[in-house]
Structures are given as structure tokens and as C-alpha cells.
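Dear colleague,

I am handing over the structure below, and after it you will find my notes on what came out of the analysis. Please read them alongside the coordinates.

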Amino acid sequence: MHKLVVLYPKPADPDHFRDYYVNNHLPLVTKWPGLLGWRYSFDVAATNGEA
């Protein structure tokens with residue numbers, strides 16, 4: 001099993017980033033051969049200090 005974690009810096013336009021990610025990026029990811037499951041989240045905060 002492989003796990004991929006991707007963290008992006010805070011975008012200049014969070015609404016545009018979220019819209020692009022959900023409507024363009026995620027549909028591409030769901031087509032990966034052999035993909036058994038996936039999940040994503042936004043607004044991930046650091047446990048200590050700045051996000």
C-alpha cells in the first residue's frame with residue numbers, strides 16, 4: 001500500500017483554489033488505475049505554531 005500526502009501553501013485566492021481542486025483536479029485523480037480509495041481536506045492547521 002502507498003500513501004501520498006500533498007500539502008500546499010496558503011493560496012492567494014482560497015475560493016478559486018478550492019473550486020479548481022474539487023472540479024478539475026479530483027476528477028483526474030479518481031481515474032488513476034488501481035486506486036482503491038482517496039480522501040482530501042482543506043484548512044489543515046498545524047498542531048504547533050503557524051500553519
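**Findings**

At 46% relative accessibility, tryptophan 32 counts as partly exposed, a class that lies between buried (under 20% relative accessible area) and exposed (over 50%), with a 1.4 Å probe and protein chains only. Please keep in mind that this is a predicted model, in which local features need pLDDT of at least 70 and side-chain atom pairs count only at pLDDT 80 or more, while totals for chains, interfaces and linings use all residues. Residues are numbered from 1 along each chain as its sequence is written, and side-chain values use heavy atoms, with hydrogens and water left out.

Tryptophan 32 sits in the segment after helix H1 (14–29), and the chain has one helix and zero strands (DSSP runs, H or I of at least four residues for helices and E of at least two for strands). The radius of gyration, taken over C-alpha atoms, is 13 Å, well over the 10 Å that the globule rule gives for 51 residues, so the chain is more spread out than a compact globule (the rule being 2.2 Å times the number of residues to the power 0.38). Along the principal axes, the C-alpha atoms fill a box of roughly 35 × 25 × 10 Å, and buried residues make up 6% of the 51 residues.

Lysine 10, in the segment before H1, counts as exposed at 77% relative accessibility. Lysine 10 and aspartate 43 are 33 residues apart in sequence, and their C-alpha atoms are 8.9 Å apart in space.

Best regards
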